[in-house]
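Please look through the structure below before reading the notes. They are grouped by topic.

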Amino acid sequence: MQKTLSVINLRAIRANAEKIRRGLNGKKFFAVVKADAYGHGAEAVSRSIEDLADGFCVALAEEGAALRIAGISKPILVFTPPLDGYDVARIAHYNLTATVNCLKTAKLLGGLPCHIKVNTGMNRSGCNLDELPAILKALPPESVTGIYSHMYAPENDAACARQLYLFGLAEKLAKSRNDGICAHLSASGGFLRGGAYLKDGVRCGILLYGYAPSGFSRKGYIPAMKIYARKTQITRFIGGGVGYNSADKNYGKIGVYRLGYADGFFRGVPLGEKTLCMDAFLRDEKLGGNDLLCVMDDADAYASRAGTISYEVLTSVTQRSECVYES
């Protein structure tokens, strides 16, 4: 097999889910499995923790449909609001929960189950507080099963306090029409803050896979993914370059491993000798070389070298990979 190999530890994901569950004191746990469960495989991850989760969150209706086809029966919230009648039809067909972000979406939905998203400061999606009364009026009260928002800087005390206050106003208004709805403000960062930020439940994504948002510790959570590259050749060094770089020493033998940009690895991050070059990276055989070489076992460490975040690493390095699950 020529692809990289992704080894996903479902036991680690389940242990992380159990730890989140214990920290919720009976509040609801929505597992975020968008973007193919951050590269870990949404169907496999969801099946492995369905008994622990109260529901799942995805970015797109297509992702929700894939989970239903895989046999997931728990509620599934779609973050992206329906944009047309076709989206509404898919949401209805697969028994998904839609996000309402404005009056237009509320009218388009036609009374299907929904959570209203409120903009409390991220300014990415959701209605502003002054728009909420009209949206609530346009929706049958029984169709609104939740209200939520998202914190843009969960590590910032002042920003979080302001968002908590604004969301509290939205929650009070929504629950005056239906006191049974679920209010959720926090993703992984808010969960780690705890206390009032837990509301009726939380949406945990990155923490589920063993990592924490910037400003928080991941201590006690287990990274669940390792990526391996396969050796394709051992070549005798004849001088010249090391891939697309001039050699700065005289090598004896060089091991060539099948890995490149299209596998989600960044050109500017050295993994072997020098940098990635097209569809291989090179390694001095004096260092020792197995046929399978682990090239990513800590997304935080790799992200710091790449100048990015673990989320981007996790969703990139599995895009052309063969997944193997440990359970």
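**Briefing: strands, helices and core**

In strand E3, Gly55 is the bridge partner of Phe30. The chain goes on from E3 through helix H4 to strand E4, and this β-α-β crossover is right-handed. The model described here is predicted.

**Strand E3 and its partners**

- Strand E2 (residues 28–32) runs parallel to E3, and three bridges join the two.
- E3 is also joined to E4 by three bridges, again in parallel.
- Within that pairing, Leu77 of E4 stands opposite Cys57.
- E3 is covered on both faces: Gly55 and Cys57 are buried on one side, and Phe56 and Val58 are buried on the other.

**Helix H4**

- Helix H4 spans residues 61–69, and its buried residues are Ala61, Gly64, Ala65, Leu67 and Arg68.
- These residues lie on the same side of H4, because they cover an arc of only 160° around the axis.
- The buried residues of H4 pack against helix H3 (42–49), strand E3 (55–58), strand E4 (76–78) and helix H5 (85–93).

- Four strands form an open sheet in the order E5-E6-E7-E8, and their pairing is parallel.
- Strand E5 (98–100) and strand E8 (182–184) each have a single partner strand, so one side of each has no neighbour in the sheet.
- On average, neighbouring strands of this sheet are turned by 25° against each other, direction ignored.
- E5 and strand E6 (residues 114–117) run parallel and are joined by three bridges.
- Cys114 in E6 stands opposite Ala98.
- Helix H8 (residues 157–175) lies across strand E7 (144–148) and E8, and H8 runs at about 170° to E7.

**Thr105 in helix H6**

- Thr105 is located in helix H6 (residues 103–109).
- Is Thr105 buried or exposed? Thr105 counts as buried because its relative accessibility is 5%, and the cut-off for buried is under 20%.
- Leaving aside residues up to four places away in sequence, Thr105 touches Pro81, Pro82, Thr99 and Val100.

**The nonpolar core**

- In soluble globular proteins, nonpolar side chains tend to be buried together.
- Here the largest nonpolar core has 87 residues, and Ile116, Ile147 and Met296 are those with the most contacts inside it.
- Which residues does Ile116 touch, not counting residues up to four places away in sequence? Among them are Val100, Cys127, Leu132, Ile135, Val144 and Ile147.

Conventions
Residues numbered from 1 in each chain as written. Predicted model: local features only at pLDDT ≥ 70, side-chain atom pairs only at ≥ 80, totals over all residues. Heavy atoms only, no water. Core = buried A, V, L, I, M, F, W, Y, C linked by side-chain atoms within 4.5 Å. Buried < 20%, exposed > 50% of the residue type's maximum accessible area, 1.4 Å probe, protein only. Contact = heavy atoms within 4.5 Å. Arc of directions from axis to C-beta. Pairing = 2+ DSSP bridges. Axes fitted to C-alpha atoms, helices over the stretch in contact; angles between N-to-C directions. Right-handed = clockwise from strand over helix to strand, strands pointing away.
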